[in-house]
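Here is a short report on one protein chain.

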Amino acid sequence: MSQQECLQATVHGIVQGVNFRAFVQRHARSLGISGYVRNLAFERAVEVVAEGERGQLEQLLRQLKTGPRGAWVERVEASWPEYTGAYDHFEIRF
């Protein structure tokens, strides 16, 4: 099994009210990634915390830079904190 890593990303732009969270969840699940996605209350942004194999996380990061139809991604801030193993599936948090 490949080494597991963690991706933390904040996606800025028109990313709320355009099914962005469902888009992220669908892609994360198809890639076998666990973690969560949620809207940030006081910003036009979405937060993603995802854990899995580096290659799968990089694929998800590419999807975050595109988003679903109707979204406009201004920028993505990504970091690679330490893997925690805290998630067993990928969910939308409210």
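The protein chain holds two helices and five strands; helices (H or I, at least four residues) and strands (E, at least two) are DSSP runs, numbered from the N terminus. Read from the N terminus, the order is β-α-β-β-α-β-β.

This is a predicted model, in which local features need pLDDT of at least 70, side-chain atom pairs count only at pLDDT 80 or more, and totals for chains, interfaces and linings use all residues. Residues are numbered from 1 along each chain as its sequence is written, and side-chain values use heavy atoms, with hydrogens and water left out.

**Overall dimensions**

A compact globule of 94 residues would have a radius of gyration near 12 Å, and the protein chain agrees, with 12 Å. That radius is taken over C-alpha atoms, and the globule rule is 2.2 Å times the number of residues to the power 0.38. The C-alpha trace spans about 35 × 25 × 20 Å along its principal axes. Of contacts between residues at least 6 apart in sequence, 78% join residues at least 24 apart; contact means heavy atoms within 4.5 Å.

**Core**

Of the 94 residues, 40% are buried. Buried means under 20% relative accessible area, exposed over 50%, and partly exposed in between (1.4 Å probe, protein chains only). The largest nonpolar core has 22 residues. Such a core is a set of buried Ala, Val, Leu, Ile, Met, Phe, Trp, Tyr and Cys residues joined through side-chain atoms within 4.5 Å. Those with the most contacts inside it include Phe20, Val24, Leu60 and Phe90. Strand S1 (4–14), helix H1 (20–31), strand S3 (45–53) and helix H2 (54–66) each give two or more residues to this core. H1 supplies the largest share, five residues. In soluble globular proteins, nonpolar side chains tend to be buried together.

What does leucine 60 contact, leaving aside its neighbours within four places in sequence? Its partners are Val24, His27, Ala28, Leu31, Ile33, Val48 and Ala50.

| Residue | Relative accessible area |
|---|---|
| Asparagine 19 | 61%, exposed |
| Phenylalanine 94 | 86%, exposed |

Asparagine 19 lies in the loop between S1 and H1. Its phi is near 65 degrees, a positive value in a residue other than glycine. Phenylalanine 94 sits in the segment after strand S5 (90–93). Phenylalanine 94 and glutamine 4 are 90 residues apart in sequence and 26 Å apart in space, C-alpha to C-alpha.
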